[in-house]
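Visitor: Please show me how to read the features of a structure, one at a time.

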Amino acid sequence: MNISIVLPAFNESSIAEDSVRSVDATLARLGVPYEIIVSDDGSDDDTGAVVEGAALPSVRVLRWPHRGKGAALTSAFQETSGEIVGFIDIDLEISDAYLPEFVSAIREGADVVIASKVMNRESSRKRPWKRRLTTAGYNWLVRLLFETGLGDHQAGLKLFRREALIPVLPAVESEGWLWDTEVLARCVRDNRSIREIGVSTRPVRPGHVSVVGTSWEMLTRLFDLRKRLNGS
């Protein structure tokens, strides 16, 4: 099964080449045809040029106006050719070393394979408490509203059987961080089999989370998504 992996990127010139080289080396070891697409979400630095300068034959850059990670993913996936398609965040907070295990899970019959930070409790405990609190609340609410039964909806590594993802993309409206949840909710509604794999993460950049602000945005966007799914 040939593989297409998308790396969404926005102003990542400092890490883009190293990340792409790492993913390229990991996929090369699988011994199957593959392509890597860096989906540049309107970067105003030289992210795209840095990747192109690496001159890796299996890597290409697609550039879009800045609209958000979700929009960059939807646009890039429509340009893929793989029987297995997926994405990994370009900061490699979740290591690309997990990719072979995820590919194997698709080959074994799963339609969708997603990373779960919460399944690895030791790794999860190392994350800032505000992030853990926000993540736990978000995942609980998604399970309640969409009956996904999943532990983690937003982790930055997901693989799909092509026929599970591509047909739902025309209906996906989320252009930002909600993209992952909308796609998974639609896959659940289509009765696709979804497997979660616990992963460790590594700290890659500082972050600050406003629990109240994030919670309000979380609520409004999730209820809007529920209305949209119920109406489609």
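Visitor: Which strands does H8 lie across?

Guide: Begin with the names. Helices (H or I, at least four residues) and strands (E, at least two) are DSSP runs, numbered from the N terminus. An axis is a line fitted to C-alpha atoms, for helices over the stretch in contact, and an angle between N-to-C directions runs from 0 to 180 degrees. Contact means heavy atoms within 4.5 Å. Here H8 lies across E4, E5, E6 and E7 and runs at about 35° to E6.

Visitor: What should I know about the model itself?

Guide: It is predicted: local features need pLDDT of at least 70 and side-chain atom pairs count only at pLDDT 80 or more, while totals for chains, interfaces and linings use all residues. Residues are numbered from 1 along each chain as its sequence is written, and side-chain values use heavy atoms, with hydrogens and water left out.

Visitor: In what order do the strands of the sheet come?

Guide: Strands of a sheet pair through backbone hydrogen bonds, either parallel or antiparallel. Two strands count as paired if DSSP finds at least two bridges between them. In this model seven strands form an open sheet with mixed pairing, in the order E3-E2-E1-E4-E6-E5-E7. E3 and E7 (194-198) are the edge strands, each pairing on one side only. Ignoring direction, neighbouring strands are turned by 20° against each other on average. H4 also packs on this sheet: it touches E1, E4, E5, E6 and E7, and its direction makes about 25° with that of E6.

Visitor: How many bridges join E1 and E2?

Guide: Seven, in the parallel sense. Valine 6 stands opposite isoleucine 37 of E2.

Visitor: Which residues have the most contacts inside the largest nonpolar core?

Guide: In soluble globular proteins, nonpolar side chains tend to be buried together. Buried means under 20% relative accessible area, exposed over 50%, and partly exposed in between (1.4 Å probe, protein chains only). A nonpolar core is a set of buried Ala, Val, Leu, Ile, Met, Phe, Trp, Tyr and Cys residues joined through side-chain atoms within 4.5 Å. The largest one here has 36 residues, and Ile5, Leu7, Val23, Phe102, Leu157 and Leu159 have the most contacts inside it. Elements giving two or more residues to this core include strand E1 (3-9), helix H1 (16-28) and helix H4 (99-107). H4 gives the most, with five residues. Apart from this core lies another, of 21 residues, among them Leu73, Phe160, Leu169 and Leu184.

Visitor: How many residues of helix H3 are buried?

Guide: Eight of the nine residues in H3 (69-77) are buried, so the helix is mostly covered. Gly70, Leu73 and Phe77 are among the buried ones. The buried residues of H3 pack against E1, E2, E3, E4, helix H7 (162-165) and helix H8 (179-189).

Visitor: How many aromatic pairs are there?

Guide: A pair of aromatic rings is described by the distance of the centres and the angle of the planes. Rings of Phe, Tyr and Trp (its six-membered ring) pair if their centres lie within 6.5 Å; planes under 30 degrees apart count as stacked, over 60 as edge-to-face and the rest as tilted. By this rule there are four pairs. In one of them, the rings of phenylalanine 77 and phenylalanine 160 have centres 6.5 Å apart and planes at 75°, so the pair is edge-to-face. Phenylalanine 77 lies in helix H3 and phenylalanine 160 in strand E6, so this pair ties together parts 83 residues apart in sequence. Both phenylalanine 77 and phenylalanine 160 are buried. The rings of tyrosine 138 and tryptophan 177 have centres 5.8 Å apart and planes at 70°, so that pair is edge-to-face too. Tyrosine 138 is in helix H6 (129-146) and tryptophan 177 in the loop between H7 and H8, 39 residues apart.

Visitor: Is tryptophan 177 buried, partly exposed or exposed?

Guide: Tryptophan 177 is partly exposed, at 30% relative accessible area, whereas tyrosine 138 is buried, at 6%.

Visitor: Which backbone oxygens does the side chain of lysine 158 reach?

Guide: A polar contact is a pair of N or O atoms within 3.5 Å; within protein, one must be able to donate a hydrogen and the other to accept it, and residues adjacent in sequence count only if both atoms are side-chain atoms. Lysine 158 lies in strand E6 and, at 0% relative accessibility, counts as buried. A polar atom of its side chain lies 3.1 Å from the backbone oxygen of histidine 153. The side chain of lysine 158 also reaches the backbone oxygen of alanine 155, at 2.7 Å.
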